[in-house]
Amino acid sequence: MTLLKEPDFGTPARPGEATIELTVDGVAVQVPPGTSVMRAAKHAGVDVPKLCATDNLEAFGSCRLCIVEIDGMRGTPASCTTPVAPGMNVRTQNEKLGKLRRGVMELYISDHPLDCLTCSANGDCELQDMAGVTGLREVRYGSGVDAGANHMAAPTDSSNPYFDFEASKCIACSRCVRACDEVQGTLALTIEGRGFDSKVAAGAGVSFFESDCVSCGACVQACPTATLQEKSVIELGMPTRSVITTCAYCGVGCSFKAELRGDELVRMVPYKNGGANEGHSCVKGRFAFGYASHPDRVLEPMVRDSIADEWRKVSWEEAISFTARRLREIQAQYGQGSIGAITSSRTTNEEVYTVQKMVRAVFGNNNVDTCARVCHSPTGYGLKQTFGESAGTQDFKSVDEADVILVIGANPTDAHPVFGSRMKQRIRKGAKLIVIDPRRTDLVRSPHIEAAYHLELRPGTNVAIINAIAHVVVTEGLVDREFVASRCEDFEAWEEFIARPEHAPEAVDELTGVSAEKIRAAARLYATGGNGAIYYGLGVTEHSQGSTMVMGMANLAMATGNIGRRGVGVNPLRGQNNVQGSCDMGSFPHELPGYRHVSDDGVREVYEQLWGTPLLNEPGLRIPNMFDAAIDGSFRALFVQGEDIAQSDPNTQHVFAALGALELLVVQDLFVNETAKFAHVLLPGTSFLEKDGTFTNAERRINRVRPVMAPQTGKQEWEIICEIAQAMGYPMHYDSAAQIMDEIALTTPTFMGVSFKALDEAGSIQWPCNVEHPDGTPIMHEEEFTRGKGRFMETVYVPTSERSTRKYPLILTTGRILSQYNVGAQTRRTANVAWHPEDILELHPHDAEVRGIEDGDTVALSSRVGRTTLHAKLSDRIPVGVCYTTFHHPVTGANVITTDNSDWATNCPEYKVTAVQVDLLAEPAAHAATQEALVTGGTR
Amino acid sequence: MSSSLPPHVRLANEIAAQFAHRPPAEAATAIATHMKTVWDPRMKNALIAHMQAGAQDLDPVAALAAQHLAAAK
């Protein structure tokens with residue numbers, strides 16, 4: 001494939017039918033009202049010269065290269081800022097226009113270095129292109145230093161780890177400033193000075209790195225010259241070919257062009273036609289891909305008999321036969337149910353599918369779970385109970401039509417940045433925002449964004465809050481009775497339940513820490529403000545009442561009729577790239593692919609016939625159950641696919657004890673991660689750049705993951721699974737990942753119409769994709785719910801048993817930051833560490849003062865299960881009595897602190913509520929954080 | 001509540017708390033259904049054994065649910 005250069009229409013598309021007909025250079029064209037003449041010309045096949053225009057930014061009209069002549073209009077209007085009109089007759093080329101354009105170009109070139117042959121943007125520079133297009137042959141004013149006053153000596157800012165700002169090449173077109181504003185919404189960049197002194201600046205007197213810039217890359221992408229340029233391009237040269245693929249970071253699932261020179265990846269450029277991102281990106285997807293070629297990568301299989309032994313590099317044959325033999329030996333000694341596997345939300349659907357198939361068909365049990373257990377399993381449970389489908393209801397674009405956006409326990413500008421930018425765009429256009437979160441996230445207040453209400457609740461009181469909001473809806477006559485009557489069931493019982501006085505805002509204000517007045521105001525706004533859309537994250541699910549809260553949100557959406565159309569819905573923001581897909585693929589121990597219970601004889605029969613083996617009809621072990629069973633001795637071998645459970649799962653010492661008790665631990669991963677320290681077999685995995693398959697994002701969008709390069713390990717991960725299965729005596733074979741998807745489609749009704757061919761043709765498909773919805777389903781539950789009627793569920797608030805005490809008086813809650821991802825296995829191996837070299841503890845100044853703690857001090861953080869040390873950061877983002885940290889660095893070990901409390905329905909850990917104490921360390925140690933397990937099983 | 005309880009007992013008690021607002025017989029049926037849906041057999045068996053041993057640390061409604069599980073075996 002050659003380098004893919006997407007067409008640039010100059011200005012954004014306008015919605016509506018193409019009802020305006022005009023003529024451009026004699027070519028008739030029809031476009032929607034509001035379209036610019038420049039864009040209409042492009043549709044007519046006419047490229048109008050331009051520099052300051054690009055089609056993901058509103059027209060600016062500064063460069064004057066795009067001037068045209070229009071019959072009946074005076075002068076030479078800019079085609080980018082001139083809207084089309086019926087019957088317009090436009091001329092884009094004649095002698096007069098050419099002369100004017102050359103005059104403009106002369107001015108640009110007179111203040112631009114003429115180093116094109118050695119410039120890093122040579123061949124990818126719009127200024128260079130326009131010099132050619134306009135026929136520039138001379139610069140009458142001279143160029144560079146000969147032209148008098150100029151900007152040739154302007155300094156280069158190389159402070160950002162990923163791109164340079166070479167100010168001497170800036171043409172002050174403002175595309176970068178506008179991209180930061182209109183696309184990203186951070187407004188970090190500005191034009192400083194006036195007239196000749198105008199220059200791009202990242203804040204006042206600070207470098208790009210020191211500024212508010214979030215390194216999303218939108219400015220780099222927008223820059224028409226070499227002014228903002230990836231360091232990788234400067235170092236390696238212009239790429240020569242592109243592969244369209246999907247980002248392997250968060251659940252937004254951005255599409256990218258991987259641009260290479262030969263087999264070397266030069267840069268990742270967000271793909272305009274990407275259904276989830278439409279050309280935007282964040283610092284992780286855009287730049288943080290270096291981990292894939294990091295020297296820490298393990299490329300050869302390794303084996304050892306005991307975890308006390310050194311690793312021994314072995315051939316694939318030996319690693320696979322060792323694994324298969326040990327698994328069978330352990331089953332023979334301890335029973336069929338003594339082994340199991342954990343699938344990964346970072347691997348492809350096809351890889352996950354083969355692992356769960358190996359467990360069910362080859363291991364002969366249902367001991368398969370996924371790392372979604374510890375993040376969004378309550379979503380699966382709660383939405384299935386109420387709506388009948390374990391998935392979010394909307395596509396991302398739906399937020400463009402939301403009038404009230406209710407964000408609960410999510411921090412999209414950090415954890416789902418590209419969707420966060422889209423959400424901010426909608427809020428800036430007038431949508432109201434309600435944030436329910438203990439912490440004041442950037443969404444609550446940032447440039448041009450301010451929440452109408454921030455319900456700064458105490459951690460662990462989500463259900464009390466959502467019930468109180470629903471109480472207001474019911475008791476103030478705000479129920480959408482028509483919707484409820486026609487679309488739902490069990491409403492009357494729920495209505496009686498939720499109207500009880502104990503759910504009134506006034507009854508829970510002290511408990512939740514949110515005033516009754518604010519709860520009532522937020523409820524009224526959500527119920528009456530037009531389209532109400534709920535977006536939520538792990539701040540909802542990772543609680544002992546996570547499933548209850550998901551059902552509470554579903555109740556609220558149904559009661560107000562905010563389901564089944566654009567602009568509304570209940571939408572989980574998934575943490576990892578393929579959380580949705582790993583769940584869809586039958587990773588849960590009680591569900592076959594498509595969320596169908598293992599006890600369903602009809603469903604099991606489909607797989608039994610295809611796989612040629614009987615399947616168990618009883619659920620298997622969930623991850624926490626596996627740990628418990630490992631400790632009690634009934635579970636002896638575990639296969640872990642691409643997850644670092646030793647770092648990511650709660651109550652580290654409990655996890656360590658479980659892993660240490662296993663007779664066989666097989667880890668399939670890119671690195672020797674924390675879990676691998678307990679492993680007997682390490683099977684090297686493939687990075688997303690090597691995989692061939694699909695990811696499914698938070699909006700149920702199935703995207704192709706195309707191999708950018710051959711697997712560095714020599715094998716696709718699904719091939720390894722097949723070989724283990726074969727070595728265990730089961731004939732499992734696929735010719736390709738596409739063939740695996742064909743089997744998924746054959747056996748899973750919601751994937752019936754999905755194939756690699758269909759995905760290549762459509763770009764992406766949102767499931768369900770079947771006979772009724774051959775093109776997929778962007779919005780769910782439009783006519784009826786998946787289960788028929790939406791079901792109201794009574795959501796009793798049961799407080800967590802994890803409460804602050806005299807010994808542990810603070811509540812720790814955890815979260816993520818923009819530059820890092822999950823346990824940091826990937827991002828810590830990139831330059832992103834420049835922004836977050838360590839996890840820190842946010843502590844309210846009041847809580848710090850009474851402990852004698854100052855900003856930057858080293859503190860001990862202890863809970864009833866463990867203790868660690870971090871540096872403190874004083875912050876009023878969190879309320880008094882609450883502290884906050886991230887879990888991106890193993891040295892800090894945030895999960896040494898978290899407990900084994902979990903959601904009652906799904907066992908999802910309660911990461912978000914841990915009673916802790918924070919103490920100033922008398923003699924601050926060098927920050928090689930120490931971790932210490934306290935007495936296991938300490939009482940609450 | 002103490003984490004010295006076996007995991008299946010602790011979890012059963014936590015589930016029972018979620019259904020405490022419903023009549024005991026109805027709650028026990030719902031809890032047993034939930035456990036049948038998502039619990040591994042060894043957890044169900046361990047809970048049944050715990051109930052049959054007459055342990056006092058099991059919530060009465062959870063114990064009733066365990067009886068339902070035992071009857072369904």
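A: **Helix α9 of chain A**

Helix α9 of chain A, residues 349-363, has 15 residues and reaches 20 Å from its first C-alpha to its last, close to the expected 21 Å; the expected span is 1.5 Å times one less than the number of residues. Helices are DSSP runs of H or I of at least four residues, strands are runs of E of at least two, and both are numbered from the N terminus. The model is predicted: local features need pLDDT of at least 70 and side-chain atom pairs pLDDT 80 or more, whereas totals for chains, interfaces and linings use all residues. Residues are numbered from 1 along each chain as its sequence is written, and chains are lettered from A and ligands numbered from 1 in the order in which they are written.

α9(A) is mostly covered, with 14 of its 15 residues buried; a buried residue has 20 or more other C-beta atoms within 10 Å of its own, with C-beta atoms placed from the backbone. Just after α9(A), Gly364(A) takes a positive phi of about 75 degrees.

Chain B places 18 residues in contact with 23 residues of chain A, contact being C-beta atoms, placed from the backbone, within 7 Å. On the side of chain B that touches chain A, α1(B) gives the most, with 5 residues.

Notes
Two residues are in contact if their C-beta atoms, placed from the backbone, lie within 7 Å. A residue is buried if 20 or more other C-beta atoms lie within 10 Å of its own, exposed if 12 or fewer, and partly exposed in between; C-beta atoms are placed from the backbone.
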